[in-house]
Amino acid sequence: MASGPGRTMGRVEWGLLLGLSIIWGGSFLFNEVLLETWDPLTVVAGRVVLAAVALLVVIRASDHAMPPPGPAWSPYLVLGMLNNVVPYILIVWGQTRLESGLAAILNATTPLFAIVVAHLATRDERLLPRTVAGGLVGLAGVAILVGPGALTGGAAGVALAQVAILGASLSYACAGVFGRRLRGTAPLVIATGQMTASSLFMLPLALLADRPWERGLPGPGTWAALFGLAIPCTAVAYLIYFRLLARAGATNTVLVTVLIPVSATVLGVAFLGESLAGRQLAGMALIGLGLLTTDGRLGTMLRRRIGHPDHPRPAAAIPPEGRI
């Protein structure tokens, strides 16, 4: 069942959102390996090209078909620019001048941009006080999670780099709203079209700017990291993303950017032996509170608890089917 800002998400939508955050949170592990060998644009190009190839193979083996060359590809070109090319380039450039923690905070502003963009561009995802409050609470949780150290450092170009990351967040928000135009199109077709369009731009750009052949042939570890980044973290992730977008709307879908720092922290503890501080637990709790506020579930629970006339206390404490 689809849901927008005016409705709570069900089990399926929450499962997709959490799964997507875990997959994209894991991309940081692969990026660390790849950036030791390749330049940033080469990493981005390798990611989208390999993902596009994998998705085209799946398309070939499925009952779906891509549209013929021509005007029908226009939406995929726009999505490729908004969801991949523009934000990837801005984030990669911004992170050469910013600490990763500050970049995570700035990237987590995507839901706030999405709330405004969806309000201006759609009729069924209007601006609501709880969506704004939930977005701000979640953003505060991200700031606590990454800690005050993310705000230190004053190298030249930091302000411009911050603007770049915010520009990437705005691009992601616009992509979420624009992607609604392809509602009814199979997620596999949308993801394949977007990745193919992104590859057509990124591959020549990386070859001209980075000249990756001059670095020599990478080792098997680099190729394994690229496979992990391109297949689960990109190809599979965007299949989930577009399915979630169709079911939950743009405002709910981009909440994944608030959850990604949580997933990245948990994965770092699980696989890199990193420690988990009390501050990080508090940040995660605040992020969860922000998500429940945006989803509307927190307000509903409070109204039922105090016996609000519009939400009488249920006779039995059994959740409705399809909800959590």
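Ala, Val, Leu, Ile, Met, Phe, Trp, Tyr, Cys and Pro count here as nonpolar, Asp, Glu, Lys and Arg as charged, and the others, Gly among them, as polar. Keep that in mind for the cavity below.

This is a predicted model, in which local features need pLDDT of at least 70, side-chain atom pairs count only at pLDDT 80 or more, and totals for chains, interfaces and linings use all residues. Residues are numbered from 1 along each chain as its sequence is written, and side-chain values use heavy atoms, with hydrogens and water left out.

**The chain as a whole**

The chain has 13 helices and zero strands; helices (H or I, at least four residues) and strands (E, at least two) are DSSP runs, numbered from the N terminus. Of its 324 residues, 48% are buried, meaning under 20% relative accessible area, while exposed means over 50% and partly exposed lies in between (1.4 Å probe, protein chains only). Contact means heavy atoms within 4.5 Å. Among contacts between residues at least 6 apart in sequence, 88% join residues at least 24 apart.

**The largest cavity**

Rolling a probe the size of a water molecule over the atoms shows where empty space is left. On a 1 Å grid over the protein atoms alone, a cavity is a set of points where a 1.4 Å probe fits but cannot get out, and lining residues have an atom within 4 Å of a point. Grid points are joined across faces, edges and corners, and a volume is the space filled by probe spheres set on the points. The whole structure holds two cavities of 30 Å³ or more, and the largest has about 70 Å³ of space. Among the residues lining the largest cavity are Arg180, Ile190 and Phe242. Helix α9 (residues 220-248) gives the largest share of this lining, three residues.

| Class in the lining of the largest cavity | Count |
|---|---|
| Nonpolar | five residues |
| Polar | three residues |

How far apart are the end C-alpha atoms of α2? They are 32 Å apart, which agrees with the 32 Å that its 22 residues should span at 1.5 Å a residue; the expected span is 1.5 Å times one less than the number of residues. Buried residues of α2 include Val48, Leu55 and Ile59, and the buried residues of this helix pack against α1 (11-34), α3, α8 (187-210) and α9.

Ala65 sits in the loop between α2 (40-61) and α3 (74-95). Is Ala65 buried or exposed? Ala65 counts as exposed because its relative accessibility is 59%. Not counting residues up to four places away in sequence, Ala65 touches Ile59 and Val189.

Conventions. On a 1 Å grid over the protein atoms alone, a cavity is a set of points where a 1.4 Å probe fits but cannot get out, and a pocket is an open set with protein on both sides within 12 Å along at least five of seven lines; lining residues have an atom within 4 Å of a point.
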